[in-house]
Amino acid sequence: MSLIKDLFTNWSVWRRPGYFESFDYSWGMVIDLDRCTGCEACVVACTAENNLPIVGEKRFSENREIKWIRIERYWSGEYPNAKLSFIPMLCQHCDQAPCEIACPVSATYHNQDGLNTQIYNRCIGTRTCAVYCPYEVRFFNWFSYTWDAPLEQQLNPDVTVREKGVMEKCTFCIQRIREAKDHAKDDGRRRLREGDIQPACAQACPTKAIVFGDRNDPDSQVAQMASDARGYTVLKELNTSPSIVYLRRVDQEHV
Amino acid sequence: MSANIIGVYQYADDLLDAAGRLKASGFDEIELMSPIPLHGVEKVLGPKKSVLRRFALFGAIVGGVGGFLMAALSAIVFILPTSGRPIVPWPPFLIITFETTILLGTLATLIGFFFSANLPAWKDRPYLPAFSDNRFGVHVGCDEDAAEKVEKIMLDAGAEKVERVKT
Amino acid sequence: MARKKNPGSKLSRREFLALVGTGTSVMAGAGFLTAKFSRRPVEQLIPYVVPPEDYIPGVAAYYNTVCNLCPAGCGITVRIREGRAKKIEGNPAHPVSQGGTCALGQSGLQVLYNPDRLQTPVTRRGERGTGDFHTVGWNSALTTVASHLDKLRLANRGAGVGLLTGDIRGHLDDLLIQFLGLMGSGRYLQYAFTNPTNLYSANAASFDTAQLPYYDIANSDFLLSFGADFLGMWVSPVSYSRAYGDFRQGRREGEDKGPRRQRGQLVQIEPRMSLTGANADIWVPAVPGTEGALALGIAHIIAGGAGRFAAALAEFDPPRVAEISGVEASTIERLARSFGDAKAPLAIGGGGAAAGTNGVPNLVAINLLNHLAGNIGREGGVVFNPKPAFGRTGMQRHGSYLDLLAFVEEIADVDDGVLIIAGTNPLYDFPGDERLVRALQRIPLVVGLSSFMDETMQYADIVLPVNSYLEGWGDDAPEPGVGMRVASISQPVVAPLYDTMDVGDVFIRLAQRMDRDMQRAMPWPDFHAYLRNAWRRMYDKRRDKLDYVDFDAFWTAVLEAGVWGETRRASQRNEFHAQVDYEPPVHAGNDVDYPWYFQPFVSQGFFDGRGANLPWQQELPDPMTSIVYGSWIELNPRTANELGVDEGDILEVSSPAGSLRAPVWITQGIRPDTVAMPIGQGHTSFGRYATGRGANPLSILSAQVDSRTGAFAWGATRVNLTPTGERIRFVKTGGWSRTLDRQILGPRSGETQEGGDHG
Amino acid sequence: MSERGQPSYQEVNDAVLPTMTTFTWRYWTALSISVTVMIFGFFAPWWYQLFVGVGAAGMSRAAYWGTYLGNFIFWIGLSHSGTLLSAVLHITQSDWRKSIYRSAEAMTLFSLITAAFYVMVHLGRLWFVHWTVPIPNVMGLWPNFRSPLMFDVMAITTYLTASSIFIYMGSVPDFATVRDNATGLRRKIYAIMCFGWRGTDREWHRLGWAYTFFAVLVIPLAVSVHSIVSWDFALSIVPGLHHTIFAPYFVCGAIFSGTAGIVTVMYFLRKYFHFERYITEKHFNNLGKLLLLLSLIWSYINMLELFTGWFSGSSFEIEALRFKLFGFYAPLFWEMIAFCAFLPLVLFSEKIRTNFRLMLWISIAINIGMFTERFLIVATTQPRKFLPDAFSFYMPSLVEIAITIGSFAVFTTLFLVFVKVFPSMSMYEVKETLNLPTRKGART
């Protein structure tokens, strides 16, 4: 009964698009393609931080690999004027994510930090979210993977090891965000500061092409860089409003 | 002390004729039994009322409202925003509502049927197997002393045979 | 304390960025140490039988140490949970890595936790090369070796003892030299396929400093790179990448963004597009080995017929250079003009340019460009490091390919010689001639110090398992540094997994098992003690300059920061001593039977092959092709048409020295007269992940050497290609390689993005 | 009906009742074969897949949906024959329905069950499938009713319930007939199954009403079900799936394949149960016309879909289209066009419509075509989505193929059991179509 009352008294709240008027934090990323060299350090860093499985050659050949962040490469032009461009592709944490609506059991949803989260325990593996995702950044555990001993000693205790039949994807290293929040609380701070958190990929990036931060904070580096003239979002016409802004690589033929 | 008399007919028109006569001579407890739905029974025994419609309507309404509430309330009891949509969006929830409407409508109709046709009947009732094959029958419940009269009417109307069954 | 989340608070980072690269700000050498890093001193890292009193379950500790997967010597920070290494991160305090890591560096954990690690000493049972070993205890293994050495030494035949290592710098180097000295032997050679031997001697010739210079890329605004894949795995990738980022888009640090100067421009000159080529604004495919001519051609235009090189450069007018190098004269002029006009132009030579028979002349020619631009010792130019605080520059021990051969053969010739091999695998990254193997076979006692039973260890008699770099002690003076004195300490971040020792410990233990003099000469209980002493000596020299109460404070501070240095720069005058001349490259195999230049290249994942046993590296898509688990040969589409082959068709690649089979990868990024193959796969014995996978291009290289240094010229072989008719499907992540005009790489410059009502 | 004069009520019973009690060797072989195939083709591979993970199937990155969902659509589609058709024809009071609708509805029921099986086969973690059911729980966690898949769950549950009620209530009077002609245990069972039906005027009257209500409710339901199935795909933004036309497209295709399915079943009933007198040219003729109409609509919508895709001119749609029409699976596509768009055109000729054998083959061909269509919908769209670097390819694995074949056995088995439990032709309604035995009628 009280629920029904709630439903009608707060009707306007339940009808508010996106529900949140504003996120506590709006974690975002800016990736400067003019700095990115495609060295793939981020890929291994992510693998190490998030316990991504070693799938082996056979599985890999079947496209069953799991890489939360990958480098996509696109050629343009012909020899000798061929150009190769790299673009790191990871979960865009869209504010209007096509994937979230798809899940029948709410295993993926948008949390208060503006993160597009994936709840492994809740997932039943319909794989609908992956089909709906235009960026191909959701990965499915087709099997339960194992580590040759003693490789499993490296596994990060802060991150679950996913079992077969579960969908997974980039979390913006949510375990680091949680930890940072705890420490902030211990230090008596109510909010996190710029630079408290770095996801594994941003941390490893040797050229500092990946910048992570809170887009709500106008002084934050992401907020400022996102307004760069070179800024754009991938597949904007799909209107998914991603949290990741890319800065176009400068093409400068004239030398 | 009452008697149950069943008349067996080969022809449907004889049956209706018999039913007419029995009614005319003041017997109310008349049941016709046939392998197929008979037309024109109302003409003889008067129109029938059925609560079935109300069941169906009621079920459908309950289903509709209940369906929407289920969707809406379950959405607000554990708030999981998705895809920048409202927590309680119309289009999806109307689909849910539609489905539940149909579901409960159907079930209510089923219950309504059992109720109004007073089925299921677990204990035997006046009946002869032939009625599911190719014979038509009429069953009258009356007082012991009126029994002969009933049998006479039935035979006059061309009954093949008349039986007294006990219940 | 250990509850520190991110190593590298802003404060420290700002300090180091002030220090590094700009070179203008001068700061007390102790500046490094004031970094607010909380690292528990390593003494408290004890196995769990004795839990440390301040050990907090579920809380991560961070330890700074040094990565030694490649010679760059990046400082790294290792995250420890419950005594297990969980994650390797760059040490923001370290001027070389500045908080970044490369893909290979991240995989260091899999060196530590590799399932195929050697866990106990083993001795050979069967024939050499058969890999038939059985385990023995440390005691017997050490005693065997020690007694053998002792016998030789007492008989004054210790000169027959040789030591072959990879890149070893710092005090371990000293220890080894001392040990050999006591044995009465000077036979000590460092060999690694990737040693830039030619660069050393070219610099020695041009500027008479036999050093790897520090290229101040960050502050240059026009970068002319001759085959140097500095964004790939060349010399010091992380430091170069870091600089590259700033070179493109200016310094990026939260606080001091610095003036947004003009975006630096990169021109990459190489026959096969490397990672650096892909990132270059212009990629100039020149004929392999002719980079020198190109450099001289550019110099010719810049010098404009004046100066002391006028005569030497006279003949290198654009048309001739164009004819030699296969680059249009117009392009050459364009490059020369931009190089001349640039405020801070910089020329880098390496990789393929240095891997021909004419490597040194090429590099000298490239040095000339820097000289003409007045780059030496200048910001945004070529900065030579001051003499390191300890150890020597690599040049003095680095052996070229010929040296190595001679070295091993000499030891084979002396009767009962002993060869001790540590941290190098010449049988893999060595051209496919049998001489080395034959020599090895003749040596009576070959002792190997290694973590893995790699190709070379198959030929050892005794293999002693050594600590991985995350379990052991050591120190390092990174080379190339950052134009100033940097010294970093590597400390054990986890207790050794198995019954293993540091290389240094092995020699100390050996000495202790030998006669009295040896014992007296090497009195230290273990290598850690030796290291401490060495640093104490350093500390004593500088006691007045460093503000620490005593050495222990200093030592703890260094362990916490993981690095120590002085900002004083070496002064270097812009003088050029070498004779410039162009020497045409000589390629093995005539161009009729072997129509294609063969260019092996160091792969991103495996470096010189040492990364091949790390599953993460095996599953790391190659940056240019996205291929994993295997090797391939890169062909220009035109070449593919000539041969009538398509992607995945397997080719027989034959050179005068041998042949191998590899599947075709068709790419726009390579000259039609050149084919290229990645180095790193094709191990015959290197653990479950690497063994028998792909092919090793080095195995079919002819024994070409540099005309001056005798360095292995791995870019100087020609090959022939014959289709086999077989084909495979590549294992890779990438699908299609064109954008199909989709909104992926962003709008063209000038345009802004349309579509969608959100931003 | 047939020119050999009308069968009497008695004959109707004698024609139908034996089909439930007599077990020919042909029946036993058919049953044993289908059961074997069901066990080793369907359940064994499924068990294996549960054990190792969905990786046993051929799906992979980009192509996260495969044959399973293709088959799911197919079976749901097939299910649209019976209930919908029988309901529509009941409302429109076309008598020729009465001899075939029972088996048609059975088809609906069983293909629905098979489809439901596929949902479970598709799941990555079957053991948590109950999380899609709105059950109150301590966590306060409910399914996400905004998800198209939840529409599915609701729709299919409703449809399954409604159509099983529909078929059961329709056969209660016949159960009574069976009871009256049976003895012993069988009699007792059917006595329960028919709720003690006596065929009184009151019961007939109520049943008539209830049945009409069911029919009225089921028609919009059936339409909604396959629209919802289509929305699973159309609500994604995948090029080639994201079409407004999808719902009508699916519904029409569903009825199309369903009707073809009826023709096939009709043929076999007629042949092996000797219903020659009740299932006649007339039925084949009418269904033939229906098939023709549906195939024309289907072709039209199909053209429309391809056209809008092409006309959009967006790189995504064009590529998806190109891959569908000329890519690896192009042969299948053109086979589908041939079977579903061109072949049915021959039904313009009444000769062919009334030729039983030909009708059988045409109906089978149509369903092969429709099956292909459903496969193509999943197999050709996902590998060509948005990022070319992620373009991939989908090829079913052995497990998927085995399960596909096995699912047909599941359906057959259920049907073979059905014909022995239910009177596969509605006796009382067939009797209705005969003229009533009256004294007048007897006199003349």
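The buried residues of α2(D) are Ser34(D), Met38(D), Gly41(D), Phe42(D), Pro45(D), Trp46(D) and Gln49(D); buried denotes 20 or more other C-beta atoms within 10 Å of a residue's own, with C-beta atoms placed from the backbone. An α-helix has 3.6 residues a turn, so residues three or four places apart point the same way. The cover over the buried residues of α2(D) includes α5 (101-122) and α15 (398-421) of chain D.

This is a predicted model, in which local features need pLDDT of at least 70 and side-chain atom pairs count only at pLDDT 80 or more, while totals for chains, interfaces and linings use all residues. Residues are numbered from 1 along each chain as its sequence is written, and chains are lettered from A and ligands numbered from 1 in the order in which they are written.

## Geometry of helix α2

A kink of about 25° in α2(D) is centred on Met38(D), the bend being the angle between axes fitted to the seven residues ending at a residue and the seven starting there. Just after α2(D), Gly53(D) adopts a positive phi of about 115°.

Chain D contains 17 helices and zero strands, taken as DSSP runs numbered from the N terminus (helices H or I, at least four residues; strands E, at least two). Of its 444 residues, 55% are buried.

In chain D, 51 residues are in contact with 55 residues of chain B, contact meaning C-beta atoms, placed from the backbone, within 7 Å. Helix α8(D) supplies the largest share of this side of chain D, 16 residues.

Notes:
A residue is buried if 20 or more other C-beta atoms lie within 10 Å of its own, exposed if 12 or fewer, and partly exposed in between; C-beta atoms are placed from the backbone. Two residues are in contact if their C-beta atoms, placed from the backbone, lie within 7 Å.
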